[in-house]
Amino acid sequence: MAKVQGFPGYAFATVPHPVASLDAEQLRDAARGVLPEVLTILGVQQ
Amino acid sequence: VTGSAVAEDGLVIDPDELHRAQDYYHERGWTDGLPVVPVTESYLAEFLARTGRDPDEVVLAMPQLNKECTVRLAALNAALAGCRPEYFPVVLAAWDSLVTENYAPRGIWQSTTGTAPLLIVNGPVRHAIGLNSQGNVFGSGFRANAAIGRSIRLTAINVFGLRPHQLDQATQGTLGKYSACIAENEEDSPWPALHTDHGLAASDSAVTAMVIRSCIHIEARHAQEPEQLALDIADTLARTGALVHETTSGCAVLGPEHARLFARAGWSKSDVQQALYDRALVSRAKLTAVGKDALSRKSRWRLSSDHPDAMPDEAPAVQGDPDAVRALNSPAAVVVLVAGAGNAGVSTILETLGPRGGPPAVTRVEQAGG
């Protein structure tokens, strides 16, 4: 999708499936798990 | 065998050239996996001559992909798919219908839902180009059906880049993704044709596009009572596995035998739609048992009341029964038409993603100069 929008280098983080069937705590765990990657993309941390 | 082969009618064929051409198309990813028809500028021109529309006119745009399909690209992929030039006005009407229906421009072909675009053709063009509406409908054996349906898939692949595992994210596809084009068996229907229900004349030809997922047969060969047959068909419409959202929608493709059973009882097509709406019910107990008794706050998809995103399903009681929930939001949520042979009591439910109460996307076929 980034390539077709003319931005092939667009950085993104992914969260593994499944998502829709997670309960609230599992969702929080998934968010915590991906947070370092998000902070790196945003330049907050190396 | 090497070198050219000469057929009985004098046609000269070079099998090696044919094989090289197929490898060329396959290596570039310009196919759905099956062989395609090589296209030259002169062959493309034969298709473009069948419409008065500008070759550069956009027939469908997907802004999310930065891509547009023009009349020329639609013609090119119709030719690749095996269409004859005279099929092209039907292909263009199909694209207009897909735009009117508005699921494809919004990205349904990229979705995990794995749908196929079904095309339903009505009117005199069915006979003019040899579209099958009778025995083995949905099946193979007819060039016009196969190639017109396939032209949409090849365009999705070649113009919009919707290849599986890439921009086509279907979790599971459906068999109709190769090709899904049928015609209505107007001659064996006791009712007016689908396109005449939506403002066109019987002498017009038309294409109706519909997003489909599943194709489920209804076996009722010994049916005699219209109420029983309606309940049998409605039971499939209301199956819990089809309920993504609060309600679902479908297309009842009645075999001529079933259509005549309803008609003999004095039922119009609207009566059949009403009967299916009335009987397409699912119990709250069953929804609870399968974990679909509540709705998502954000998407209104069905989920369990135990889910963190759940809100109650407040559908009103049906005919005083608080345990019954309607699977359809209106009689118009099930489109009714007739197709197939009159040799057995068999019909089909096509599970669709709409319309849920709105009119189907019926588009008149425009011939060049007329």
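At 23% relative accessibility, B:R284 counts as partly exposed (buried means under 20% relative accessible area, exposed over 50%, and partly exposed in between, with a 1.4 Å probe and protein chains only). This is a predicted model, in which local features need pLDDT of at least 70 and side-chain atom pairs count only at pLDDT 80 or more, while totals for chains, interfaces and linings use all residues. Residues are numbered from 1 along each chain as its sequence is written, chains are lettered from A and ligands numbered from 1 in the order in which they are written, and side-chain values use heavy atoms, with hydrogens and water left out.

B:R284 has a salt-bridge partner in B:D313, with the closest N and O atoms 3.7 Å apart (a salt bridge is a side-chain nitrogen of Lys or Arg within 4 Å of a carboxyl oxygen of Asp or Glu). The pair links distant parts of the chain, 29 residues apart: B:R284 belongs to helix 10 (residues 284-289) of chain B, and B:D313 to the loop between strand 12 (310-312) and strand 13 (324-326) of chain B. Helices (H or I, at least four residues) and strands (E, at least two) are DSSP runs, numbered from the N terminus. B:D313 is buried, at 10% relative accessibility. Elsewhere, A:E25, A:R28, A:D29 and A:R32 are joined into one network by salt bridges that share partners.

Over all chains, a search of the whole structure finds 21 salt bridges. Another of these pairs is B:R300 with B:E246, whose closest N and O atoms lie 2.9 Å apart. Here too distant parts of the chain are linked, 54 residues apart: B:R300 is in the loop between strand 10 (294-296) and strand 11 (302-303) of chain B, and B:E246 in the loop between helix 7 and strand 8 (249-254) of chain B. B:R300 is partly exposed at 37% relative accessible area, and B:E246 is partly exposed at 28%. In helix 1 of chain B, B:R20 and B:E17 are 3 residues apart, so about one helical turn separates them. Their side chains meet in a salt bridge of 2.2 Å, N to O.

Strand 5 (residues 116-122) of chain B is largely enclosed by the rest of the structure, because 7 of its 7 residues are buried. In a regular strand the side chains alternate between the two faces of the sheet. In strand 5 of chain B, B:A116, B:L118, B:I120 and B:N122 point one way and B:P117, B:L119 and B:V121 the other way, all of them buried. Strand 5 of chain B pairs with strand 7 of chain B in the antiparallel sense over 7 bridges (two strands pair if DSSP finds at least two bridges between them). Within this pairing, B:I120 stands opposite B:T208 in strand 7 of chain B. Strand 6 (residues 181-183) of chain B runs parallel to strand 5 of chain B, and 3 bridges join the two; B:A183 of strand 6 is the bridge partner of B:V121.

Helix 3 (residues 71-81) of chain B is mostly covered as well, with 8 of its 11 residues buried. Its buried residues pack against helix 1, helix 2, strand 3 (58-62), strand 4 (67-70), helix 4 (88-101) and helix 6 (143-158) of chain B. B:G82, with a positive phi near 105°, follows helix 3 of chain B.

Two loop residues of chain B come next. B:D32 is found in the loop between helix 1 (15-27) and helix 2 (41-48) of chain B, and is buried at 13% relative accessibility. The B:D32 side chain makes a polar contact with the side chain of B:R150 at 2.7 Å and reaches the backbone nitrogen of B:L34 at 3.0 Å. A polar contact is a pair of N or O atoms within 3.5 Å; within protein, one must be able to donate a hydrogen and the other to accept it, and residues adjacent in sequence count only if both atoms are side-chain atoms. By contrast, B:Q224 is exposed, with a relative accessible area of 65%, in the loop between strand 7 (206-219) and helix 7 (226-237) of chain B.

Between the chains, 7 residues of chain A are in contact with 9 residues of chain B (contact means heavy atoms within 4.5 Å). The count of salt bridges between chain A and chain B is 0.
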